[in-house]
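Subject: Handover of a structure

Hello,

I am passing a structure on to you. Please open it first, then read the notes below it.

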Amino acid sequence: MKTDTKVLPMSVRSITFGALTIAMIVAFFTFFKGATNILNAFFVPITLYSFSINRKVLELLIVSVGAIAICALFFNLQLIFIVFYCVIALILSILNRENAGIAVSAITLSAAVTLFFWIAIILTDSLFKTRMSEIMLKLMNGNRVYYTLLLTFEGTVVGITQLFASRLILKKLRAFERD
């Protein structure tokens, strides 16, 4: 039976890779909890970015919505974070497609990740009645400056690491295409 590809918004290959991408995201959310949850901030956007290479924005959007839906069902406390991880993957995709300079890309991504961490923590605290901000402030002896510096440091490390990883992935995929 032949499938009419004009009806599908994605090719069968893209659907397969999209399903694999969502499965990997579920695995990351399953494995990285608690203190290791920061690893999701690196792996989830990089996985979505890897899927987006040589694909249309609509395909990334469809897979992102699928990942958000699965997350809403099984990892509801991560819901706001997954939305921001999808945006970070899109930012990575845009920065690498436009061949933005390393300094501009690093600053843009670090600022975005830091801002998204802060917003996601506040929204998660508000919507799900978690006390992440309160706990982190207690760990910082109530010092908001230290807490802000910690979020900035985490955002910068994650953002720059994602930038270099995404460019390495893109370089490797281009090398495979030439062979």
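Predicted model: local features only at pLDDT ≥ 70, side-chain atom pairs only at ≥ 80, totals over all residues.

Residues are numbered from 1 along each chain as its sequence is written, and side-chain values use heavy atoms, with hydrogens and water left out.

Helix α2

Helices are DSSP runs (H or I, at least four residues), numbered from the N terminus. Helix α2 covers residues 38-52, 15 residues in total. From first C-alpha to last, α2 reaches 22 Å, close to the 21 Å expected at 1.5 Å a residue. That expected span is 1.5 Å times one less than the number of residues.

Helix α2 is mostly covered, with 11 of its 15 residues buried. Buried means under 20% relative accessible area, exposed means over 50%, and partly exposed lies in between (1.4 Å probe, protein chains only). Among the buried residues of α2 are Asn40, Phe42, Val44, Leu48 and Tyr49. The buried residues of α2 pack against α1 (12-31), α3 (57-74), α4 (79-97), α5 (102-128) and α7 (144-178). After α2 comes Asn54, with a positive phi near 60°.

Aromatic rings

Rings of Phe, Tyr and Trp (its six-membered ring) pair if their centres lie within 6.5 Å. Planes under 30 degrees apart count as stacked, over 60 as edge-to-face, and the rest as tilted. The structure holds eight aromatic pairs. In one of them, Phe29 and Tyr85 have ring centres 6.4 Å apart and planes at 15°, so they are stacked. Phe29 sits in helix α1 and Tyr85 in helix α4, so this pair ties together parts 56 residues apart in sequence. Phe29 is buried at 2% relative accessibility. Tyr85 is buried too, at 3%.

Phe84 and Phe116 are also stacked, with centres 4.6 Å apart and planes at 15°. Phe84 is in helix α4 and Phe116 in helix α5, 32 residues apart. Both are buried. Ring pairs also join Phe28, Phe32, Phe42 and Phe43 into a cluster.

Nonpolar core

A nonpolar core is a set of buried Ala, Val, Leu, Ile, Met, Phe, Trp, Tyr and Cys residues joined through side-chain atoms within 4.5 Å. The largest one here has 47 residues. Which of them touch the most other members? They are Ile25, Phe29, Val44, Leu48, Ile82 and Tyr85. Helices α1, α2, α3, α4, α5 and α7 each supply at least two residues of this core. Helix α4 gives the most, with 11 residues.

Val44 is worth a look. Leaving aside neighbours within four places in sequence, Val44 is in contact (heavy atoms within 4.5 Å) with Ile25, Phe28, Phe29, Ile82 and Tyr85.

Salt bridges

A salt bridge is a side-chain nitrogen of Lys or Arg within 4 Å of a carboxyl oxygen of Asp or Glu. By this rule the count is two. Arg131 meets Glu134 at 3.1 Å, N to O. Lys138 meets Glu134 at 3.7 Å, N to O. Lys138 and Glu134 are four residues apart in helix α6 (residues 132-139), so about one helical turn separates them. Arg131 is partly exposed at 47% relative accessibility. Glu134 is partly exposed at 36%. Lys138 is exposed at 56%.

Best wishes
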